[in-house]
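Please keep the sequence and the coordinates at hand while reading.

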Amino acid sequence: MTDMNDLGGAKPIERGSSGRFRPRRILLYVFAILAAFYSFWPVMVMGFEGYNIDFGVILAGFGGRTAIIIVGGVPIRVSSIIPTAYYYLQALSIEAYPRLVANTLIISALTIAIALAAGIPVAYVLARIDVRGKTLVAYILLALRTVSQYMVIIPLYIAYSKLGLYDTYTGVAIAEQLLVLTVVVWMLRGFFSDIPRDVYEAASVFGKNEWQVFRRVVFPMVLPGVVVTTMFALVLLWNEFLIADTLTGVATRTVAVGVWEGMSVNQLSFSALAWNSLNAAGFLAYVPAIAVMMAIRKYLAKGFSLGIAR
């Protein structure tokens with residue numbers, strides 16, 4: 001007898017071993033949806049209100065009432081919304097905002113360059129070279145990542161004020177190593193460890209010394225991992241607030257600090273704009289980070305495999 005499935009018929013819905021839907025799975029989906037909605041709610045509000053879509057007005061309208069919003073310290077009764085991209089265009093046209101983005105990119109590039117210059121050799125040694133105590137070094141680096149920034153920020157501020165590093169790109173980049181250096185070392189260690197030992201041994205057989213093995217064989221293979229690590233470090237630096245808020249001034253203020261403190265037409269004075277303008281600027285600052293994370297998400301698991309050697 002011909003099976004119905006062979007005739008293109010629909011397969012029966014799997015209902016579990018008992019033949020019934022599984023309530024626990026439904027609850028799991030509901031919980032996941034609610035958790036995602038809870039996580040993205042602030043971003044949604046920020047994005048929509050930057051577009052002049054006020055949820056307070058919408059929710060008030062459902063009850064047949066008008067909402068009261070504060071504009072420039074004056075309460076205004078509002079009963080409707082008018083979507084507009086004006087506030088996004090305003091945020092992009094203000095002199096301070098592009099300067100904040102430029103400062104963030106300069107600091108991030110300098111920080112990542114220092115972290116890669118120091119982290120790539122360390123990660124290679126931890127993954128490849130058999131030296132005494134390398135496991136201890138690896139876990140000491142990991143333990144340093146757990147140190148609170150609040151423990152070092154005041155000593156850094158005092159030292160930077162005396163050394164002339166306050167409000168400089170170099171000073172902030174050095175301080176940001178507390179945030180990214182350990183991440184760079186551990187992620188790259190994972191990529192180096194993912195290369196089969198046969199590759200190292202084959203290169204050695206052909207008379208290559210350790211530097212030649214690294215430069216001509218290993219590094220080209222882990223270059224995609226270096227790019228992923230760079231992008232992840234950029235996300236960490238883009239969102240960093242405490243170090244940037246403490247060690248930057250008018251000249252080097254980053255986008256996270258600038259949006260938090262308010263923006264103005266020039267860099268010398270930061271006065272708050274309309275709330276919708278700040279929401280628009282904050283949402284614009286959020287978009288690059290989430291875009292990078294979505295682009296590299298499938299590579300992060302390999303990077304965080306902790307470099308367990310084969």
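**Pocket, helix pair and cavity**

Helix 8 gives the most to the lining of the second largest pocket, with 5 residues. The model is a predicted one, in which local features need pLDDT of at least 70 and side-chain atom pairs count only at pLDDT 80 or more, while totals for chains, interfaces and linings use all residues. Residues are numbered from 1 along each chain as its sequence is written, and side-chain values use heavy atoms, with hydrogens and water left out.

About 250 Å³ of space lies in this second largest pocket. On a 1 Å grid over the protein atoms alone, a pocket is an open set of points with protein on both sides within 12 Å along at least five of seven lines, a cavity is a set of points where a 1.4 Å probe fits but cannot get out, and lining residues have an atom within 4 Å of a point. Grid points are joined across faces, edges and corners, and a volume is the space filled by probe spheres set on the points. Helix 5 (134–144) and helix 8 (177–193) each supply at least two lining residues of the pocket; helices are DSSP runs (H or I, at least four residues), numbered from the N terminus. Among the lining residues are Leu141, Leu144, Arg145, Gln177 and Leu181. By class, the lining has 7 nonpolar, 4 polar and 1 charged residues.

Helix 8 also packs against helix 10 (residues 210–239), at an angle of about 145° and with the axes 9 Å apart. Here the axes are lines fitted to C-alpha atoms over the stretch in contact, and angles run from 0 to 180 degrees between N-to-C directions. Residues of helix 8 that meet helix 10 include Val180, Val184 and Phe191, and those on the helix 10 side include Phe214, Gly225 and Leu237; contact means heavy atoms within 4.5 Å. The classes in this contact are 17 nonpolar, 2 polar and no charged residues.

Helix 4 (residues 96–128) supplies the largest share of its lining, 3 residues. Ser108 counts as buried because its relative accessible area is 3%, under the 20% limit for a 1.4 Å probe and protein chains only.

Conventions
Buried < 20%, exposed > 50% of the residue type's maximum accessible area, 1.4 Å probe, protein only. Nonpolar A, V, L, I, M, F, W, Y, C, P; charged D, E, K, R; others polar.
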